[in-house]
Amino acid sequence: MSIIDIALLAGGGLFAGILAGFLGIGGGVLMVPLLIALGLNADQATATSLLAILITASVGSLQNWRLGHLRLRPVVLLGLPAVVTVILGAAVGGWLPEAARRGAFGVLLLVNLYLASLKRRASRQGSNTLTASQNPLPARVLTGGTAGFMAGLFGVGGGVIMVPLQMLLLGSPIKTAVRTSLGVIVITAAVACLFNAARGDIVPVSGIILGIGGLIGVQFSTRFLPRLSDQWVSRLFQILLIVLALYMFWQSAQAL
């Protein structure tokens, strides 16, 4: 591994950690494309990304808990269905061709952009969006289960789907959804790492370098998040999804 590769991994991890604290994502939406660009195949990239995510999300959640911003009960209630589906997602990911997997990742990002806009529209129009007070159990199972499946399939923590679904189905404010999402990611990433380690897909050195960078970045962003307005957090989330979706579509075309 060259010095340039190490610098790219550390810098990518740092940026992913900042995004993790601000947006409640594990950072896999950034780490997976970076690892693929550095020559790893899709299986290695997703597995190695999850190792880094485990480090980053654990530190960020601990920081949120120390600051009094993290409630453990919602984390556990979303984490349980996620644990069940994360292994399924990892298994399915091994069957998909490389190009299809990268393209599907781009579609996932655009779907989440739609979900976030749907929530904002429903709020403005006063629609009867499903909330936790109406029927919380199916909403939690759907949110956690979908996030877990995506974590295993694409090597992401699941926050890119979990944050919009918490807002849409559980009526959570975006900052609460961000913090809860990061806590659930600790659970899904740990389970997925065990599964991927057994298959031999993790590249430990790359994952640890990414994770150390993320560890530093998430310390900053979790402390700074309370100062940002909900509108700014939402806008950052939208920009991230659009940019990364376009990149993954390009990667998919390159793999054909």
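Contact, throughout this tour, means heavy atoms within 4.5 Å. The model is predicted, and local features need pLDDT of at least 70, side-chain atom pairs count only at pLDDT 80 or more, and totals for chains, interfaces and linings use all residues. Residues are numbered from 1 along each chain as its sequence is written, and side-chain values use heavy atoms, with hydrogens and water left out.

**The whole chain**

Begin with the entire protein in cartoon view. Its secondary structure comprises 10 helices and zero strands, where helices (H or I, at least four residues) and strands (E, at least two) are DSSP runs numbered from the N terminus. Of the 256 residues, 54% are buried; buried denotes under 20% relative accessible area, exposed over 50%, and partly exposed in between, with a 1.4 Å probe and protein chains only. Among contacts between residues at least 6 apart in sequence, 84% join residues at least 24 apart.

**Helix H9**

Next, select residues 204-224, which form helix H9. At 1.5 Å a residue, its 21 residues should span 30 Å, and the end C-alpha atoms are 30 Å apart, so the two values agree; the expected span is 1.5 Å times one less than the number of residues. The buried residues of H9 include Gly-207, Gly-211, Gly-213, Gly-214 and Gly-217. To see what covers the buried residues of H9, display, among others, helix H1 (3-23), helix H2 (28-37), helix H3 (42-66) and helix H8 (174-199).

Within H9, select Thr-222. Is Thr-222 buried or exposed? Thr-222 counts as buried because its relative accessibility is 0%. Beyond its neighbours within four places in sequence, Thr-222 is in contact with Gly-21, Gly-60, Gln-63, Asn-64 and Leu-67. A C-alpha to C-alpha distance drawn from Thr-222 to Leu-67 reads 9.0 Å, although 155 residues separate the two in sequence.

**Two helix pairs**

Two packed helices are described by the angle between their axes and the distance between the axes. Here axes are lines fitted to C-alpha atoms, for helices over the stretch in contact, and angles run from 0 to 180 degrees between N-to-C directions.

Show H1 with H9: the axes are 6 Å apart and the packing angle is about 35 degrees. This crossing is right-handed, that is, the near helix is turned clockwise from the far one by less than a right angle, anticlockwise being left-handed. The residues of this contact divide into 13 nonpolar, 10 polar and no charged. In this classification Ala, Val, Leu, Ile, Met, Phe, Trp, Tyr, Cys and Pro count as nonpolar, Asp, Glu, Lys and Arg as charged, and the others, Gly among them, as polar.

Now show H3 with H8, whose axes come within 8 Å and cross at roughly 145 degrees. The crossing of H3 and H8 is left-handed. Among the residues making the contact are Leu-50, Leu-54 and Asn-64 of H3, together with Arg-179, Val-186 and Asn-196 of H8. By class, the contact of H3 with H8 has 13 nonpolar, six polar and one charged residues.

**Helix H6 and Thr-143**

Finally, select residues 136-154, helix H6, and centre on Thr-143. H6 has 19 residues and reaches 27 Å from its first C-alpha to its last, close to the expected 27 Å. Thr-143 counts as buried, because its relative accessibility is 0%.
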